[in-house]
Amino acid sequence: MIEVKDLLQSADWKKEKHVPVIDAPDKVKKGDWANVTLTVGKGQAHPNTTEHHIRWISVFFLPDGEKFPCQLARIEFDAHGESPAGPNMSTVYTHPQATVTFRMEKPGTLLASSYCNVHGLWQSSKKLDIV
Ligand SMILES: [Fe+2]
């Protein structure tokens with residue numbers, strides 16, 4: 001049986017343009033707001049055309065010692081040049097990047113997933129400690 005976890009690809013984001021990059025501080029003061037910026041294509045740009053683009057990024061936080069992650073945000077990127085005149089005829093495109101702000105009381109791990117309409121699901125993670 002194929003499971004979703006078998007379809008989640010990961011790689012070094014500097015070499016692989018599909019990996020969601022998590023930019024966040026290594027340590028945050030307990031209860032303070034933390035900014036987490038998510039980007040696909042940070043190392044090398046991912047195509048952004050009607051035919052080939054990043055659809056969404058989801059980001060979760062798993063507090064240390066807990067079983068279930070909390071979804072912080074799911075960002076949909078909906079403009080990729082579609083137009084009544086045809087594919088790539090619009091001048092409007094969304095860039096696959098967003099900043100999410102959240103706070104927590106325990107250290108844990110940020111987990112991001114992203115979806116390319118041609119190349120599937122990708123993931124990455126980053127540890128977040130409490131000062
Ligand atoms: Fe792709």
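Q: What links Lys 106 and Glu 66?

A: Lys 106 and Glu 66 form a salt bridge, their closest N and O atoms being 3.0 Å apart; the term denotes a side-chain nitrogen of Lys or Arg within 4 Å of a carboxyl oxygen of Asp or Glu. This pair links distant parts of the chain, 40 residues apart, with Lys 106 in the loop between β6 (97-102) and β7 (108-116) and Glu 66 in the loop between β4 (54-63) and β5 (70-76). Strands are DSSP runs (E, at least two residues), numbered from the N terminus. The model is a predicted one, in which local features need pLDDT of at least 70 and side-chain atom pairs count only at pLDDT 80 or more, while totals for chains, interfaces and linings use all residues. Residues are numbered from 1 along each chain as its sequence is written, and side-chain values use heavy atoms, leaving out hydrogens and water.

Q: How many salt bridges does the structure hold?

A: The structure holds 6 salt bridges. In one of them, the side chains of Lys 126 and Asp 26 meet at 2.6 Å, N to O. Lys 126 lies in strand β8 (residues 120-130) and Asp 26 in the loop between β1 (20-23) and β2 (27-28), so the pair ties together parts that are 100 residues apart in sequence.

Q: Is Lys 126 buried or exposed?

A: Buried means under 20% relative accessible area, exposed over 50%, and partly exposed in between, with a 1.4 Å probe and protein chains only. Lys 126 is buried at 15%, whereas Asp 26 is exposed at 52%.

How values were computed:
Helices (H or I, at least four residues) and strands (E, at least two) are DSSP runs, numbered from the N terminus.
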